[in-house]
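Please consult the sequence and the structure shown here while reading.

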Amino acid sequence: MGAARQVHLLSFEEYLALEEKAQVRHELLDGLLYAMAGTTLVHNRICRNLVVLLQRQAQGSGCEVFFVDVKLRVDFQTAYYPDVLVCCQPENHEQYVEHPCLVVEVLSRSTEIVDRREKLAKYRQIPSLRAYVLVDSLARRVEAYYREGQHWLYLDVAGEGSVPIPCPEMSLDLDEIYEGVEVPYERPSDEA
């Protein structure tokens, strides 16, 4: 049995310095680095559709849409790269944002558990966050969590329909989210 080693937990500033030089993107969870995997074409197409829809509505509203390589600082030792996020108040940093009103994650086999549990718990701690939206890449399904005062409400829309978005104020129709993307209306039974 090997000798135990002490683990150095990174501060957010140390993380930023390392990430600036890294060839692979990393997320920071409670001071520990985790390398990020690549995405699929389906995942990328869904993200593209979301950005286009949100940007169209955000123009002139004071809100700004970010995606792909923009870091979200959650706390002093946690940062993620959400698939899509919207900020409706000024951000004071060039390397990251910290006041999103909307965060969207596109679920994949490799990220679904983290997105549903860890990120849900962490994102709900962000005071400015009004909605956290999960878009399935394996079936036509969107789940959303909405801040209502001190509580969170949950909405699940599968197959057909739309999902309200608080910022910018709009609805996202599943047909538009999945435009040009071939996914079934329901997950295959081995994916449920």
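## Salt bridges across the structure

Across the whole structure, a search finds 13 salt bridges, a salt bridge being a side-chain nitrogen of Lys or Arg within 4 Å of a carboxyl oxygen of Asp or Glu. Side chains of opposite charge can pair when their charged atoms come close.

The model is predicted, so local features need pLDDT of at least 70 and side-chain atom pairs count only at pLDDT 80 or more, while totals for chains, interfaces and linings use all residues. Residues are numbered from 1 along each chain as its sequence is written, and side-chain values use heavy atoms, with hydrogens and water left out.

Asp69 and Arg25 form a salt bridge through their side chains, with an N to O distance of 3.0 Å. This pair links distant parts of the chain, 44 residues apart: Asp69 lies in the loop between strand E3 (64-67) and strand E4 (71-75), and Arg25 in the loop between helix H1 (12-21) and strand E1 (26-29). Helices (H or I, at least four residues) and strands (E, at least two) are DSSP runs, numbered from the N terminus.

Asp69 has a relative accessible area of 48% and is partly exposed; Arg25, at 27%, is also partly exposed. In these terms, buried means under 20% relative accessible area, exposed over 50%, and partly exposed in between (1.4 Å probe, protein chains only).

## Pairs within helix H3

Glu112 and Arg116 are joined by a salt bridge of 2.9 Å, N to O. They are separated by about one helical turn because they stand 4 residues apart in helix H3 (residues 112-123). Glu112 is buried, at 14% relative accessibility, whereas Arg116 is partly exposed, with a relative accessible area of 23%. Both residues belong to a network of salt bridges that also links Asp136, Arg141, Glu143, Asp156 and Arg187.

Asp115 and Lys119 form another salt bridge, at 3.5 Å from N to O. About one helical turn separates this pair, since the two residues are 4 residues apart in helix H3. Asp115 and Lys119 are both buried.

## The setting of Leu153

Leu153 lies in strand E11 (residues 151-158) and is partly exposed, at 44% relative accessibility. Beyond its neighbours within four places in sequence, Leu153 is in contact (heavy atoms within 4.5 Å) with Ala144, Tyr145, Tyr146 and Glu148. Leu153 and Ala131 are 22 residues apart in sequence, and their C-alpha atoms are 9.4 Å apart in space.
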